[in-house]
Structures are given as structure tokens and as C-alpha cells.
Amino acid sequence: MAKNLKLNIKNTQIAEAINLSGLKGKLASKKEQASSQPSAQEKAEPKAVKTESEETHKEEAPRIRARSKSAFAEHALEAHREPLEPSEKTEAAQATGVLREPMHEESGEVRQKTSAELRQEIFGQDFPSKETTQVHIEPLPQPLTPVKEPVQMRERPAASTSMEIESEQAMLRSTNVKKYVTPKKRHEEPLPYETLPPREKLGPTGKHIKDYSKPVSPPQQGAGKRPFGAQQGRTPQPAPVEPSKDLPIQKVKHERSEEGARARDEEGAKRGLKTPKVREFKEVKPAIKRQEPTRQFDARDRQGLRTSEEDSHWRRRRGKPQRQVVEEDLTIRPTSLKIRLPISVKDLASEMKLKASQLISKLFLQGMALTLNDLLQDETLVQLLGQEFGCEIIIDTSEAQRIQITDKSIREELQATPSDQLTNRPPVVAFMGHVDHGKTSLIDAIRKSNRAAGEAGAITQHIGAFRCHTSVGDIAILDTPGHEAFSAMRARGADVTDIVVLVVAGDEGIRQQTVEAIQHAKAAKVTIVVAINKSDKPNFNAEVVYRQLAELELLPEAWGGQTITVNCSAVTRQGLPELLEMLALQSEVLELRANPHTRARGTVLESEMHKGLGAVATVLVQNGTLHRGDSLVFGQHWGRVKTMYDEYGKEFSEASPSTPVEITGLSGLPEAGQEFIVVKSEREAREISEARSEGLRQSNLLLQQKRKTTMENLLQQASPSGKKILNVILRADVQGSLEALKAAILKIESEKVELAIIFASVGEVSESDVQLAAASKAVVIGFHTQIENHAEPLVKQLGVHVKLHDIIYHAVDDVKLIMSGLLEKIALESERSKVLVKAVFKSSQSGLIAGCQVLEGTIQRNHHVRLKRDNEVVWKGTISSLKRVKEDVREVAKGLECGILLNNFSDVREGDIIESYEITYITQEL
């Protein structure tokens, strides 16, 4: 804008300097004289047409002509112009007002004067004064020949800006010059000659106007056709109209331009022509062509892998980053929900159709920092969390009931059974007492077997279940171990039994495990019958036993109480009939009954891993009848009964109430003491087992969640405790023995060594156990088991310590010994002698030799010595050589002189004291 303003000011100054306004005024006067003479054709026109043309011309606005090309380039245009006929030349000269000079008459052509010639001719004359200067206003151009298309209006160049127009208007107002409009001539008939070639229009940049205009597509046939007269003829030009002197020049110009445009539009509409649109000139910069990126010479070109240029376009274009469209959340969330507990945060969010982060943030605001997989078990917390998001949560207990199968115990189920469906069943009797009091011997005497001979160490270490036939009827007998480590076995025996036979040795009386058995029986609320054994021994004293029973609130019948006591002997079978009669009497009093027609329920007494049969469980049927092929569930395991054996290995197809049997066909090894129940199908048993396994896993996760690591725990673990750690791997033959062994080992107390059981299982020592022990530097303890054949070479190869035991207290003692071996031995120093260095002798071969005298004790060559100087210990070590008068000696007594050569020490001085001592190592206690 500033550039155009400077150009306008400069053009105005140049025009005033060369008196360009005088030139324009002179040209305007000549054109006025040529247009003042109306033609004869215009006079012959009807008045109505003339009036119409005058009205139309009144509305037309005079247009100021601007040069479209430099005057120095007009010579190039003269060569392109075609010669005109003489009749056309005169008329064209009158119409355009351009002076032309005749050329050679022979050629008959008329040459148009150039602007240079016009300037020379005009400037040679007298220049008009500035006061009479007129501004020439050029009329609309009139063609010499009729054209097929309507005449286009001349357009002001883009360089003529509004600032230039305002400057010209200011000059007009200052000189008070009148504007004249040259009338356009009207042709009624088309002329036979052709028009001159149009003058080229150049923009301010010096380029042709065609360079900036878009190419016009050729018109379609039959579209936009005009009448013949309209195409060949010209629109009638109105006569010149003088503007009113009373109105200002600018106002007259504006009104005439509006009226002229409106008249042209109406005339064109009458003839069916479209008003030509004048294209505004706009300076357009040429588009810069983008250079295609050149491909670099890469490894594919070096190796000759690229065969054509098409390979260079194999790279995929990077996609433009798409705008993130915020989608409206149309998720339909439930208003009520039914879930099972415990449930993880992730699963609860999925059920509520929410993001887990929303639940976590809500819990965090309540002071609970949980993660995605943490479990929620609190019913109130889950319901409050649902209310926060407008969802009512109901705790579903149907699945828990299905997994539990029944919420009644065996006794409650028997109480709810109609009495007409119940039948009498044999009593279940458990023999309990202290170790080596004769429990198994009494059972062998009743069963007429020799079970005690097969026990290692002559003690019972497994629970036994038998069904024997007696003179008073069938009895189911349970044999429990008496060792202190088998407390859990005794507890299980007391839970499933009807009558407890408390065996007490008459010569020893009640011991620790006897008291424990009494406590288990009282806790199970079962009847206790006391059998005072070993009545055949000379030191048998029943009165002592009576007094001890009375102290334990078991007043015997002999002393007026209700506790039945029987004196018996397993060796002589004395008192066994009376004992069996008492058991039958108690069973009648208890009215032991069961329903044999319902589904079987019972308890697992023991389980083991058989080498050929797999998992084998010893179960006691307490209610119902167990058949071969039944599907049953115990804990997280399930099974389908394939075989059933009794204690003698005899196979049978069904087991009635109070019958202990061994069953096979189990999915895993059940724990001793678990209840089993028969279900309808194997599929149901499997589903319940899997659901219980999942619940067990979730409960373990809850325990881990409660023991979350805190900073204090980490600091405690990082701080050195000073304890040694012994890793142990346990293997046992049956589940009960494994449980007892684990309990016995964990009871070992030590402040210096920590015991860690990293693995415990039932079965033989396998290769995996050996590899685990080698990796964790553990000791393998086997109880009543062996090492697998293909695992023995691995034990020797890896150097793993495997200890096998048949007696439980031997295994416990061995573990204690290994724990003590981990502790470092304590070194004790015992003073033996004191030697004074009197002189120092230098030897070329040995070095410095100390000449000493023994002040106290006896110094020996294998003693450890310390060298003191000024009551400070300078050196500790051993003696390299001890001599007495050139002879090597083993020891030197008090008061004698000797030569001592210290091992790797030569800084011996006169007056030093050498003290000798012996070191003894003491093993630490746990």
C-alpha cells in the first residue's frame, strides 16, 4: 500500500512537470469536434429509439482511459495491424479520434501516428497555459466493425488505485474543467470489413494479461446461442449528454455510471443477452513448483538389489496425526448387580461397566491403596462402592452354597433323618494313650493279628483303621500313634470316633501324651473307657492310676465315679472280654444309628501316594453307603471310586456305615481329616473341585495382601540378623506322618539357626527334589520312604545330603545335629609358657634367631605364640624352629635356654616377651 502511494505521488509530479494535462485537453477538444456532427443515419432514426438511446447514455458513466502498454512498445504492435480500406480509415479515425497520416498513395494504406510523433507534433506548438488545462476523459471504445460478441468495457489497470483517482478528482476541482462524453455511433447494418487486431494489455509487472487469466473452455454446441442480429450488430449508442453545471462533477459521474449500467442490463435482457462481466485485474504470482526429493544412493544400490526406480517408493508414508475425537460415553451401566465374594477390583469394575481406575481412585480417597488384582472381601465396602456409582450390589451366596454342597454336619444330618430310615451301626473305637503303653498290642490281641511287629522301633507311627468281628459284634477300631509329634492324628481320631479307649500302663501310670489324649476326647465330647494295661507285670498298681484319673476329673467306678476302668493284659489276654462287653454296652447306650440308603459321607483318615495305584486314601464312611463308581469331592480334589479294599487287601463293591476302606481313582492327594461327600455326577464333582481351588487361591492372595511389604519390613530384612538358615525338604510315606514330622521339626527352638521348610510332600525322593536341594543348598529328610532309582546318580553328582529315617524322633535329632553344624565353633586360647628374649643372633641362612630363656611353663614347637613389646602385642603366629644346643627339640622346660626361629617374622629385639598358647574349639549350642 505504501509502495502504491509513493508511485501515485511520483506520477502526479511527472504529469505536472511535462504539462500532460494540456496534451489531454487538446486531444479531448479534437474528439469533441469529430463527435459533434451527427450522422445521417442517426437523424433518420425514430424519435422513440433516439430518446431511448439518450436515456440509456445518460445512465452510462464515462470511464477514464489508462494506458495498458508503454509508448515505446507501440512500434511492435504496428507490424501486427492489418491494412484498412480507405472508406474504413476515415470512419475509424473519426470514431476513435486518433490522428493518422497518409502513407504512400500507391499502397493505399494509411499509417497511424505513434505516440512519439504525436508528442513531437504537439510539443512543437504553443503549450496551453495551466489555467486552461483540461483533463481528457476517454469515452468507451467503439469498434470499427461489427463483432459477434458484445463489446467489453475497458477496465482500469490494477496499478490505478483509489489514491490516483482521488488525485485526479482534486485536479478537476481545482481547474473547474468540464467533462465531455464522446457518443458512440450506432450501426443498423453490419459492416463488411474486419476489425483491427486488439491491442495487447500488459499488467504493472510487464506481463500479458493472458498469463494471469484461466483458459476458457470452448462453448458447447447449442448452449448460449444468441440471435443473429445481436451477434452481428452493435447496440445503439446514445447521443452525448452534457452534465448539469449546478451539480458537482463527482456526483454527476456517480449517477451517470449507475444509470448507464442499469440501462445496459435492461437492453441486454430485452434482446436475450447476458450482461458481460468485466474481469478485475489481479496480480497473481506464479506458483513455485516443488522439487521432488532426490533418492540417495544406499546399500540396496551398492549391492545391486534395486532394479528400477519403482523400488525407491517402497517406503511407507507416515500417517498424519489424527485429531482425537471425543466420543460420547454411551455405555449402559447396570443399576443392580449380583456378585460373589471375594472379588478383585478388576472383576468388579468389569461387572459395573466401569474403568478399574475409577474404583481405585474412589478407594484411594477412602484411604485404601489397592491395585488392579487386589481382592475385596468386605461386604459393606463393596455395597458402599456400588452406591457411589449408582449401582445396588447384592452379595450372591448361591454359588457358595453350591460349592459347600450342604451346610449341615454329619450329626445334624443324622438328627434330621426320620427314625424309620435309620439302622444300628457298629461303634467306632479309638485306642489312645502314651507311647509304648500297649495300644497296638491290645488291638492285635482283639484282632488276633501281629501288627506291632511290623512297626519300626516297636512304636506306632501311622493311624490304623480296621473292622473286626468279635463275640459282641463288629467293631471299627482306630489305632493312633502315641508319640508327641502325632498330636494331630490323635485329634482326628477323637473327632471321628464314638468311644475312646484310654490305654494306661499300670506300671508307669499317666504320662504326658495320656493327658493330651484325655483333652482331645473331652474336646470331641466322646465317651472315655480306661484300659489299665500290663496287669501281668509285678509292679502293676491300679490304685495309682485311679488317683491320677481322679486328679484329671475322671473319677473311676471303683471309687464311685462314672468312668469305666478295666484291668487287662495284651500278653495274657486277661480282661479283654470284659473290655469288649463294656464297649458294646456303651454303644447301646449311645444308640449309634445311620441311614444306609442316602449318599455317602465320611472323613479321610490317611492318604498316601502309591507307586502303582497313584493317590490312595483311607476313608471312614460315617453315613450312607459308598459304592464303586461313585463321584465324590473332598476339599479341592475330586475322584471317582475305581477300587475299594479293606485292611487285608480284600476288594469289595460297597462300604456301609462305620466301615474304613482304601479307595483309588482320585485327582490328587487329599489332606487327612477332610470330609468327603458323594455328588450326582463326575462333571459336578469336577466343577465343585475347581471352584474350591479358585477360592483357595483367592484366600491365599488375601493373606499375601494383608502381609504387604512396608518400609519397616524391608529395613528389618535388610539388617543383618546374624542367624544361619537351614533349608529342609521333607518327604514322607503318608500325609499324616508328613504332618507330624513337619510339626516336630518346627518345634525346634534356636536363636542362632533358623529352620525353613521349602518343600514337603508325600512319596519317594525324586529328581526334582534333588535339583531343588542343590539349587537352594537344602537337606532332604525322608521319613518311611526311599530314593527313586533314577535319582540316586543325581544325588552323588550334585553332592546333596539326603537323610532317611524310620523313627520320627531320630529324624528330629538329625535335624538338630545339622543345625548345630552350621554354627561356627568357638576358639579358646590356653596359656602354656612365657619366654624372655635375651639376645638376637643373625644367621645367613635362617635370619634372626632369638636366644631365649623359658620363664614359665613349657614351650612346645606346635604352640601358637604372640610377641609382646612394651606390653603390646606386636605379632602372632607359629614357631618355625625350636633348638636346644644345636639340636631340634619338641619342647623346652622352665628355666632352660633355647633358640627360637619365628615363622615369617624377623623384627625380634632384645627384651621382647614370647607367650605360647594352645587353641581348642568348642561347638556352639542351639
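**Entry 1: Lys-537 and its partner**

I started at Lys-537, which is partly exposed, with a relative accessible area of 36%. I kept in mind that I'm looking at a predicted model. Which side chain does Lys-537 meet in a salt bridge? I found Asp-507, with an N to O distance of 3.5 Å. I then checked where the two sit: Lys-537 is in the loop between β12 (527–533) and α20 (542–551), while Asp-507 is in the loop between β11 (499–505) and α19 (512–524). That puts them 30 residues apart, so I noted this as a pair linking distant parts of the chain. Asp-507 comes out at 22% relative accessible area; the buried class ends under 20%, so I have Asp-507 down as partly exposed.

**Entry 2: Glu-675 and Arg-601**

Buried or exposed, I wondered about Arg-601? Arg-601 is buried, at 3% relative accessibility. Glu-675 is partly exposed at 43%.

**Entry 3: a pair inside one helix**

I moved on to helix α22 (residues 682–706), where Glu-687 and Arg-683 are four residues apart, so about one helical turn separates them. I have them as a salt bridge, with 3.4 Å between the closest N and O atoms. Arg-683 counts as exposed, at 61% relative accessibility. Glu-687 is partly exposed, at 33%.

**Entry 4: α24 against α27**

I finished with a helix pair. Helix α24 (residues 735–746) packs on helix α27 (residues 808–822) at an angle of about 40 degrees. I have their axes 10 Å apart, and the crossing is right-handed. Which residues make the contact? From α24 I listed Ala-740, Leu-741, Ala-744 and Ile-745. From α27 I listed Ile-808, Ala-811, Val-812 and Val-815. I sorted the contact residues by class and got eight nonpolar, no polar and no charged.

Terms used: Residues numbered from 1 in each chain as written. Predicted model: local features only at pLDDT ≥ 70, side-chain atom pairs only at ≥ 80, totals over all residues. Heavy atoms only, no water. Salt bridge = Lys/Arg side-chain N within 4 Å of Asp/Glu carboxyl O. Buried < 20%, exposed > 50% of the residue type's maximum accessible area, 1.4 Å probe, protein only. Axes fitted to C-alpha atoms, helices over the stretch in contact; angles between N-to-C directions. Left-handed = near helix turned anticlockwise from the far one by under 90°. Contact = heavy atoms within 4.5 Å. Nonpolar A, V, L, I, M, F, W, Y, C, P; charged D, E, K, R; others polar.
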